Amino acid sequence: MPGLADRLAGPVLEVAPTLLGAVLRHETPQGAVAVRLTEVEAYAGEQDPGSHAYRGPTKRNEVMFGAPGRLYVYFTYGMHYCCNVVVGETGHASAVLLRAGEVVEGTDLARERRGNGPDRDLARGPARLCQALGIDLRHNGSDLGEGALALTLPEAPHHLEEVLTGPRVGLRHAADHPWRFWLADEPTVSVYRPAKRLSAEPRGPGRGRPGAP
DNA sequence: AAACAGATCTACT
DNA sequence: GTAGATCTGTTTT
């Protein structure tokens with residue numbers, strides 16, 4: 001079977017939906033926690049105004065410019081970490097933000113790290129997901145092919161009917177691209193919050209249709 | 001050495 | 001559902 005990096009080397013908009021259902025597992029001395037991904041967002045590198053790579057390579061985003069199959073971790077809002085899987089060919093700086101997932105192993109340890117709250121919220125949201133898995137800046141650049149932090153792709157991609165798409169969350173620019181993907185009927189998908197500059201949806205937010213314009 | 005900017009979360013109504 | 005707070009790392013002079 002092909003290596004992880006090979007399966008992630010394609011265009012980010014094609015690879016991102018295939019990460020749904022994948023399992024990210026982190027093994028530490030305290031135990032292991034695994035999360036099944038239910039929501040991701042695509043970031044298209046230097047051409048994407050919403051990407052950290054938009055203004056070219058820096059010390060912080062250099063991992064995105066490297067080989068696919070590695071983890072790009074960044075720090076934000078003074079207290080949160082978020083993690084991305086680097087995809088696309090080396091040098092293209094594409095990445096997929098892991099927005100939410102379902103804890104499928106090590107629930108107790110995840111609860112310890114997260115504190116009190118419903119289990120469905122343990123990895124609901126990009127910063128919560130990192131916290132539940134015990135991921136921080138030390139893991140920036142980690143190879144997910146093998147090691148304590150490993151990503152396992154599903155045997156077969158999900159059917160298109162199960163995948164919904166919509167605009168990305170929390171961006172000032174380029175918020176009109178439907179580059180956010182999530183699995184239908186998953187309680188662990190994070191709440192949709194529209195970008196600040198956009199006019200509110202006439203009907204309730206959070207409902208996306210596959211292929212909707 | 002200083003200013004900036006933020007791919008968010010938690011709490012509350 | 002909505003509003004508000006919040007702190008560090010990164011970037012830039």
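1. A word on sorting residues before we start: Ala, Val, Leu, Ile, Met, Phe, Trp, Tyr, Cys and Pro count as nonpolar, Asp, Glu, Lys and Arg as charged, and the others, Gly among them, as polar. With that in hand, the residues of the surface near DNA strand C divide into three nonpolar, two polar and four charged; "near" is used for a residue with a heavy atom within 4 Å of the strand.

2. Please keep in mind that this is a predicted model, where local features need pLDDT of at least 70 and side-chain atom pairs count only at pLDDT 80 or more, while totals for chains, interfaces and linings use all residues. Residues are numbered from 1 along each chain as its sequence is written, chains are lettered from A and ligands numbered from 1 in the order in which they are written, and side-chain values use heavy atoms, with hydrogens and water left out.

3. Back to the DNA. Nine residues surround DNA strand C, and the closest are Arg55, Thr58, Arg60, Tyr77 and Gly78. Of the atoms of DNA strand C that come within 4 Å of the protein, 80% belong to sugar and phosphate.

4. The side chain of arginine 55 has an N or O atom 2.9 Å from a phosphate oxygen of DNA strand C. Glycine 78 uses a backbone N or O atom, which lies 2.9 Å from a base oxygen of DNA strand C.

5. Finally, the salt bridges (a side-chain nitrogen of Lys or Arg within 4 Å of a carboxyl oxygen of Asp or Glu): the whole structure has 11. In one of them, arginine 99 meets glutamate 39 at 3.0 Å, N to O. Arginine 99 lies in strand E5 and glutamate 39 in strand E2, so the pair ties together parts that are 60 residues apart in sequence. Strands here are DSSP runs of at least two residues, numbered from the N terminus.

6. Is this pair buried or exposed? Arginine 99 is buried at 7% relative accessibility, and glutamate 39 is buried at 0%. Buried means under 20% relative accessible area, exposed over 50%, and partly exposed in between (1.4 Å probe, protein chains only). Salt bridges that share partners join Glu39, Glu41, Arg99 and Arg180 into one network.

Conventions: Polar contact = N/O pair within 3.5 Å; in protein donor to acceptor, adjacent residues only side chain to side chain. Helix = DSSP H or I, 4+ residues; strand = E, 2+ residues; numbered from the N terminus.
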